[in-house]
Amino acid sequence: MLILGRGKTGSLVAEVAQERRHHVRIAGAKENADGAALSSEKLSDVAAVIDFTAPHCILANIEASVKAGKNMVVGTTGWYGELNRVRSLVEAHKTGFVYAPNFSIGVNLFFDIARAASTALRHEYSGQIFERHHVHKKDAPSGTAIALQHLMRDASPKHEEVEITSFREGEVVGLHEIVLESAADRIYLCHDAKSRRGFAEGAVRAAEWLAGKKGFYEFKDVWREL
Ligand SMILES: NC(=O)c1ccc[n+]([C@@H]2O[C@H](COP(=O)([O-])OP(=O)(O)OC[C@H]3O[C@@H](n4cnc5c(N)ncnc54)[C@H](OP(=O)(O)O)[C@@H]3O)[C@@H](O)[C@H]2O)c1
């Protein structure tokens with residue numbers, strides 16, 4: 001496996017992949033300047049590429065990996081405006097691709113809980129989403145908060161857009177809260193990541209699941225099969 005990104009999450013993904021007995025190479029910004037780590041030659045012995053880099057380079061990384069025919073797992077967020085273009089690229093090159101704003105199993109369970117709780121929106125509750133992350137995070141709102149907003153909108157009777165409020169403070173790994181409020185009461189739902197380990201395990205397990213498959217998948221639709 002080739003892990004792109006030597007940052008907080010990428011380095012943990014490499015650790016988890018090694019623990020799970022994969023042969024692992026890791027490339028950060030230096031080794032991958034101008035896509036240097038993604039030439040066909042460099043990728044020849046790579047089964048899958050896992051990307052935890054940054055919005056400025058993610059589309060170039062996807063393009064190079066997919067064009068080289070490699071399966072890809074993308075944890076990097078901040079590029080979903082280009083989702084349809086990437087889907088077409090993956091389908092044209094017949095590769096396998098899994099992406100997620102959040103690779104933790106706990107958060108994906110939380111998505112199901114949020115979907116169920118959105119029933120409240122048809123009983124005169126209003127909704128709010130709050131997300132807190134460390135000060136180094138480059139995008140806001142978080143991809144996870146946007147995913148929560150979309151699924152609550154789809155589950156609500158009038159397709160209401162629930163507002164997201166973002167906080168950037170200290171070294172918070174990732175905290176997402178949903179508050180549903182009526183005149184009578186308040187419901188709080190909260191997922192608080194204790195470490196990045198959940199993301200790393202989910203991403204490596206997604207790459208294992210993807211082996212031998214083609215197609216464009218979102219992790220929320222496949223994590224139950226891991
Ligand atoms: N989906 C999920 O479950 C999940 C979970 C956590 C984070 N994320 C997302 O993953 C991304 C990374 O998060 P992070 O917290 O790990 O950030 P981070 O600590 O800032 O790491 C990003 C790393 O990307 C590397 N990089 C930059 N340009 C590159 C390039 N062209 N090729 C290869 N590597 C390059 C840098 O490596 P060097 O240090 O070597 O320069 C940097 O350390 C963000 O978009 C974040 O939102 C997603």
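**Notebook: pockets and ligand**

I looked up the lining of the largest pocket and noted that H1, H3 and helix H6 (143-155) each give it at least two residues. I record that helices (H or I, at least four residues) are DSSP runs, numbered from the N terminus. A pocket, on a 1 Å grid over the protein atoms alone, is an open set of points where a 1.4 Å probe fits, with protein on both sides within 12 Å along at least five of seven lines; lining residues have an atom within 4 Å of a point.

The model is predicted: local features need pLDDT of at least 70, side-chain atom pairs count only at pLDDT 80 or more, and totals for chains, interfaces and linings use all residues. Residues are numbered from 1 along each chain as its sequence is written, and side-chain values use heavy atoms, with hydrogens and water left out.

I then noted that H3 gives the largest share of this lining, 4 residues. The lining of the largest pocket has 38 residues, and Thr9, Phe52, Thr53, Ala54 and Thr76 lie nearest its centre.

Next I asked what takes up the space of the largest pocket. I found the ligand there (more than half of its atoms lie within 2 Å of the grid points).

I looked up distances from the ligand. One of its oxygen atoms is 2.8 Å from a polar backbone atom of Thr9. A nitrogen atom of the ligand lies 2.9 Å from a polar side-chain atom of Asn32.

Last, I turned to the second largest pocket. H6 supplies the largest share of its lining, 6 residues. Tyr99, Ala147, His150, Glu218 and Lys220 lie nearest the centre of this pocket, among 13 lining residues.

Key
A polar contact is a pair of N or O atoms within 3.5 Å; within protein, one must be able to donate a hydrogen and the other to accept it, and residues adjacent in sequence count only if both atoms are side-chain atoms.
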